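Subject: Structure handover

Hello,

Please find the structure below, with the sequence. My notes on what was found in it follow.

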Amino acid sequence: MTSEGSNTTAITLRTPVKDDGYRLHQLVAQCPPLDPNSIYCNLLQCSHFAETGVAAEIDGDLVGFISGYIPPQQPETVFVWQVAVHEKGRGQGLAKRMLKAIVARDACKDVTHMETTITEDNEASWALFRSFARDMGAELTYHEHFEKDTHFGGKHDSEFLLRIGPFTKSA
């Protein structure tokens with residue numbers, strides 16, 4: 001799938017492959033304040049969870065990536081693990097296009113909801129998921145899910161679980 005951004009830079013959206021694992025690791029490192037995962041974890045995101053992820057490229061460069069999965073206990077929900085957009089891909093609505101690409105996949109044909117966790121101060125992510133919910137005609141609810149002291153030993157801000165759905169519009 002190829003899309004044109006406002007600056008006419010062609011961005012290709014595709015299913016990740018395991019060869020993207022190391023590139024994903026490098027992309028996340030270039031997108032603070034994202035939490036880095038191990039390269040092995042990134043390899044799994046690009047192989048085991050490829051059908052619920054999306055890679056975005058400009059001229060062969062990885063400029064965006066969303067990792068996600070369908071929790072076994074919630075087959076109607078896709079959980080978005082991490083959204084990374086390099087500065088080269090920003091300002092073109094890329095993150096929302098990647099979210100829509102995931103829910104449009106065959107692997108998500110039974111998905112009616114999306115979940116993710118976000119820290120309270122991550123304004124860009126809140127704006128992204130609120131906009132996605134509006135576009136999908138869906139309600140967005142949230143509550144504190146992973147607490148700073150209890151779950152992160154005081155070393156990471158609390159994460160709020162957002163739930164979007166059910167979708168009333170197509171991606």
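In these notes a residue is called buried when its relative accessible area is under 20%, exposed when that area is over 50%, and partly exposed in between. Arg14, at 21% relative accessibility, therefore counts as partly exposed.

Please keep in mind that this is a predicted model. The mean pLDDT of the protein is 92, and 95% of the residues reach 70 or more. Residues 1-7 stay under 50, and the model has 18 contacts for them beyond four places in sequence.

From the records: UniProt, in an unreviewed entry, places the feature "domain: N-acetyltransferase" at residues 11-159. Over that stretch the chain is 31% helix and 28% strand, with 31 Å between the end C-alpha atoms.

Strand β3

Strand β3 covers residues 54-58, and five of the five are buried, so the strand is largely enclosed by the rest of the structure. Val54, Ala56 and Ile58 point one way from β3, while Ala55 and Glu57 point the other way. On pairing, β3 is joined to strand β2 (residues 10-14) by three bridges in the antiparallel sense, with Leu13 opposite Ala56. Strand β4 also runs antiparallel to β3, through five bridges, and here Ala55 stands opposite Phe65. The hairpin of β3 and β4 has two residues between the strands, and Asp59 takes a positive phi near 50 degrees in it.

Helix α2

Helix α2 spans residues 39-47, and its buried residues are Cys41, Asn42, Gln45 and Cys46. Seen down the helix axis, these fall within an arc of 135 degrees, so they line one face of α2. Among the elements that cover them are α1 (21-29), β4 (61-69) and β5 (77-85).

Salt bridges

There are nine salt bridges in the structure. Arg14 forms one with Asp20, where the closest N and O atoms are 2.8 Å apart. Asp20 is buried, at a relative accessible area of 2%. Asp20 also meets the side chain of Arg23 in a salt bridge, at 3.2 Å from N to O, and Arg23 is partly exposed at 27%. A network of salt bridges links Arg14, Asp20, Arg23 and Glu57.

Another salt bridge is that of Lys88 and Asp61, at 3.7 Å from N to O. Lys88 lies in the loop between β5 and α3 (94-103) and Asp61 in strand β4, so this pair ties together parts that are 27 residues apart in sequence. Asp61 is partly exposed, with a relative accessible area of 39%.

Regards

Methods. Residues numbered from 1 in each chain as written. Predicted model: local features only at pLDDT ≥ 70, side-chain atom pairs only at ≥ 80, totals over all residues. Heavy atoms only, no water. Buried < 20%, exposed > 50% of the residue type's maximum accessible area, 1.4 Å probe, protein only. Helix = DSSP H or I, 4+ residues; strand = E, 2+ residues; numbered from the N terminus. Arc of directions from axis to C-beta. Contact = heavy atoms within 4.5 Å. pLDDT = per-residue confidence, 0-100. Pairing = 2+ DSSP bridges. UniProt positions renumbered as here; feature names shortened; annotations may be inferred. Salt bridge = Lys/Arg side-chain N within 4 Å of Asp/Glu carboxyl O.
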